[in-house]
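User: I would like to learn how to read the features of a protein model, taking one feature at a time. Could you give the general idea first and then the case at hand?

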Amino acid sequence: MALTRSALRLFSGRFAQACQVRGYADGSSMSLTFAAPSHVLYNNISVKQVDVPSFSGSFGILPAHVPTLAVLKPGVVTVFESDGSTKKFFVSSGTVTINEDSTVQLLAEEAVPVDTLDISAAKELLAQSQSQLASASTDVAKAEAEISIEVSEALIKACE
């Protein structure tokens with residue numbers, strides 16, 4: 001009988017803990033601000049989800065997501081709008097901040113709609129960047145060429 005009571009206490013304690021675990025996707029929408037230096041794409045607009053490429057891995061952001069700060073890598077940001085439509089943007093770099101109140105700030109160095117990208121221009125940029133890397137004589141020139149190659153490759157992938 002004592003064993004049964006101990007097991008019941010153990011089970012009820014774990015059950016109570018399980019019920020107290022926060023559900024991160026329990027909201028219905030979140031507020032997104034998405035901007036680049038030259039323009040604002042979203043200004044405090046309600047959206048369902050945002051998928052972002054980061055150096056720690058690509059991830060999706062839902063309402064009530066755990067607060068996070070991440071650095072964006074070159075790639076595609078996908079915004080799932082409240083009406084069910086999706087919009088895709090290429091970003092070269094930037095930061096994403098996810099706050100406790102389900103607000104998200106996405107600040108990109110460059111951001112353009114994916115449907116405006118030109119794959120032939122991206123391939124030409126890649127060839128130029130590879131040529132610059134081959135002829136680079138300083139560490140700074142090599143680093144700049146490597147960054148340009150990384151962005152060019154991400155541009156090509158976004159176009160495909």
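Analyst: Let us begin with aromatic pairs: rings of Phe, Tyr and Trp (its six-membered ring) pair if their centres lie within 6.5 Å, and planes under 30 degrees apart count as stacked, over 60 as edge-to-face and the rest as tilted. The model here is a predicted one, in which local features need pLDDT of at least 70 and side-chain atom pairs count only at pLDDT 80 or more, whereas totals for chains, interfaces and linings use all residues. Residues are numbered from 1 along each chain as its sequence is written, and side-chain values use heavy atoms, with hydrogens and water left out.

User: How many aromatic pairs does a search of the whole structure find?

Analyst: The search finds three aromatic pairs. In one of them, Phe34 and Tyr42 are stacked, with 6.5 Å from centre to centre and 5 degrees between the planes. Phe34 also forms an edge-to-face pair with Phe89, at 5.4 Å centre to centre and 85 degrees between the planes. Phe34, Tyr42 and Phe89 form one aromatic cluster.

User: Which parts of the chain does the pair of Phe34 and Phe89 tie together?

Analyst: Helices (H or I, at least four residues) and strands (E, at least two) are DSSP runs, numbered from the N terminus. Phe34 lies in strand β1 (residues 30–36) and Phe89 in strand β6 (residues 86–91), so the pair ties together parts that are 55 residues apart in sequence. The chain as a whole has three helices and nine strands, in the order α-β-β-β-β-β-β-β-β-β-α-α along the sequence.

User: Why is β1 described as largely enclosed by the rest of the structure?

Analyst: Six of the seven residues of β1 are buried, so the strand is largely enclosed by the rest of the structure.

User: Which strands does β1 pair with, and how do they run?

Analyst: Two strands pair if DSSP finds at least two bridges between them. Six bridges join β1 to strand β2 (residues 39–52), and these two run antiparallel; they form a hairpin with two residues between them, and Ala36 stands opposite His39 in β2. β1 is also joined by five bridges to strand β8 (residues 103–108), the two running parallel, with Thr33 opposite Gln105 in β8.

User: How should I read a salt bridge, and which residues form one here?

Analyst: Side chains of opposite charge can pair when their charged atoms come close. A salt bridge is a side-chain nitrogen of Lys or Arg within 4 Å of a carboxyl oxygen of Asp or Glu, and by this rule the count comes to one. Glu81 forms a salt bridge with Lys87, the closest N and O atoms being 3.6 Å apart. As for accessibility, Glu81 counts as buried at 14%, whereas Lys87 is partly exposed, with a relative accessible area of 39%.

Methods:
Buried < 20%, exposed > 50% of the residue type's maximum accessible area, 1.4 Å probe, protein only.
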